Each structure stands twice: as C-alpha cells, then as structure tokens.
Amino acid sequence: MSALVALVREAGAAILPFWRADVEVLEKADASPVTAADMAAHHILDAGLRALLPDVPVLSEEAADITLGERQQWQRWWLVDPLDGTKEFISGSDEFTVNIALIEQGRVVFGVVGVPATGRCYYGGAGLGAFVCEAAGEPQAILVREAPAEAFTLVASKRHSSPQQESLLQGLAERFGELKLANIGSSLKFCLLAEGQADCYPRLAPTSQWDTAAAQGVLEGAGGEVLTLQGETLTYEARESLLNPYFLALPASAAWRSDLIALARCLA
C-alpha cells in the first residue's frame, strides 16, 4: 500500500505544474475534456503499476480502448483515473483527485485516492479498514457515521443532476426533514462519507467505472457501501459499456438504509 500511495503522490506532483496555468483543453470522442495533466499522470501510473505487478493489466481512462473480449479474460486488474474531476481542475478548483483501484472478479479489493492540491491521500478496502494520511503525517483511521449529526447531509455533484435525482431528494426530505447539501467535486464525494462528514451520496446521473472504484474501496473500508438502485453492490465486471448504473453510497449499517433503497427502487 505504501508503494501505491507514493505512486499516487508522484502522479499528483506531475499534475500540479499544469494547475491554474492556462493548460490547453482538448475534447475526447465522448466530448469529455482531457489535458496534458491527465496524460502526464496516466503515463506515471501506467508505468508504475506495471512495474509493481507486471502480470496485472491496467485499465485507465486515458487508455480505455481495450476490447471487451480481452477484458473478459482478466481475473484481476487495475482500474485507474489519472485525473478525476478534470472540469474542476480546469476551473482552478482544488477538488480533483488521482484514483487507483484493484479489481478482482468484478469486485473492488481496495482503492487509493490522492488529492494533489493538498497532498492528502485516502486508502482502504472491505475488511482492510480505511485511512487518511496528510502530506506529512501518520495515517489515521476513518469511519462512516451511522446517524446524522444534525441535519441529514447529502453529498451532491457540483455539475451533474437529473430529474430522478431531484425526485429522490424530495423523497428524502419528506422522510428526514430539511436536507443539508454538501457540494464537492470528483471522488471526494465518497471520501466525505468515509470520514463521517455526510450521510449519503446518491448518483442518478452518468459516471464511468474509473470515476468510482477507488473511492468505493475507501468507503467500504470505512464501513460504507455502494449499491445499485436495486440494492445490489456496485460491481465492475467486464461489460461492453464502461458506464456505471445509477447508485447510492451510504453507511452499510444505517437504520434508514431500507427506506433509501425503497425510495430509489421507485425511480429505477
């Protein structure tokens, strides 16, 4: 794990010279933005992971044109987002991350999420615990909270919503009263839950597998879970599309878990 944390921080260091520096923005085939910072981090992570475990393939957002037939042969692989929150990065926000997850037979084993602008790093996995480590300091264990501290706090995307998500928020407000919204970019939304600073992150808008896997590992290590709207664990088996289904991130032992799933199923 220490080698992976060091690799994530190395990729973050390669990103920072481009931050707030009028970096050129290109458009990929799916109309999403990409910059030289994305590619610099990708090359470091790809080389570093292959050196660490040569027999484990790498699926990166910036090298995702691997056929389904080839991916179906994989039992274990790295799932990587070299720069998650590219739009935040371009806007000058510090809410962008570097994400690495190890996937085995479609399930997240563990994930590492680095925050280049601050040097903070999160890591964890189911059965392994979850930790946060500042740029200079010892790792500290983190845990989800099972009950709202005051108001029920939802993590929301700064840039993405949908009519279904708005309907879910309305249903939650009827169940819990006035909601508090915490807006934050990139995979940090999951980390906010993992640290016990929020209660739920519903995502009824598109995401890709590399957007979520690493932070799902952190959240699962902290006592949380990520479920589809049918109440099943979000998995990453090889599929033609690399898009995720809609999902709910929440504490696994929350007393209101079944209420949330019931609300979500009405929208599925």
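How many of the residues of H7 are buried? In H7, 13 of the 13 residues are buried (under 20% relative accessible area; exposed is over 50%, partly exposed in between, with a 1.4 Å probe and protein chains only), so the helix is largely enclosed by the rest of the structure. This is a predicted model, in which local features need pLDDT of at least 70, side-chain atom pairs count only at pLDDT 80 or more, and totals for chains, interfaces and linings use all residues. Residues are numbered from 1 along each chain as its sequence is written, and side-chain values use heavy atoms, with hydrogens and water left out. Helices (H or I, at least four residues) and strands (E, at least two) are DSSP runs, numbered from the N terminus.

**Helix H7**

- Helix H7 covers residues 209-221, which is 13 residues.
- From its first C-alpha to its last, H7 reaches 18 Å, close to the 18 Å expected at 1.5 Å a residue; the expected span is 1.5 Å times one less than the number of residues.
- H7 has a kink of about 25 degrees centred on Ala215, where the bend is the angle between axes fitted to the seven residues ending there and the seven starting there.
- Gly223 follows H7 and has a positive phi, near 100 degrees.

**Salt bridges**

- Side chains of opposite charge can pair when their charged atoms come close.
- The whole structure holds 7 salt bridges, each defined as a side-chain nitrogen of Lys or Arg within 4 Å of a carboxyl oxygen of Asp or Glu.
- One of them joins Glu134 and Arg120, with the closest N and O atoms 2.7 Å apart.
- Glu134 sits in the loop between strand S8 (129-133) and strand S9 (140-141) and Arg120 in strand S7 (residues 120-125), so this pair ties together parts 14 residues apart in sequence.
- Arg120 also forms a salt bridge with Glu195, where the closest N and O atoms are 3.9 Å apart.
- Glu195 lies in the loop between helix H6 (188-194) and strand S12 (201-203) and Arg120 in strand S7, so the pair ties together parts 75 residues apart in sequence.
- The relative accessible area is 26% for Arg120, 34% for Glu134 and 22% for Glu195, and each is classed as partly exposed.
- Another salt bridge pairs Arg145 with Asp199, the closest N and O atoms being 2.8 Å apart.
- That pair links distant parts of the chain, with Arg145 in the loop between S9 and strand S10 (152-156) and Asp199 in the loop between H6 and S12, 54 residues apart.
- Arg145 and Asp199 are both buried.

**Binding site listed in UniProt**

- An unreviewed UniProt entry lists Glu61, Leu83, Asp84, Gly85, Thr86 and Asp211 under "binding site".
- These residues span 151 residues in sequence, yet no two of their C-alpha atoms are more than 12.1 Å apart, so they gather at one spot.
- UniProt positions are given in the numbering used here, feature names are shortened, and annotations may be inferred rather than shown by experiment.
- Gly85 is in the loop between strand S4 (76-84) and helix H4 (86-91) and is buried, at 15% relative accessible area.
- Beyond its neighbours within four places in sequence, Gly85 is in contact (heavy atoms within 4.5 Å) with Phe96 and Ser186.
- Thr86 belongs to helix H4 and is buried, with a relative accessible area of 9%.
- Not counting residues up to four places away in sequence, Thr86 touches Pro33, Thr35 and Asp38.
- The side chains of Thr86 and Asp38 are joined by a polar contact of 2.9 Å; such a contact is a pair of N or O atoms within 3.5 Å, and within protein one must be able to donate a hydrogen and the other to accept it, while residues adjacent in sequence count only if both atoms are side-chain atoms.
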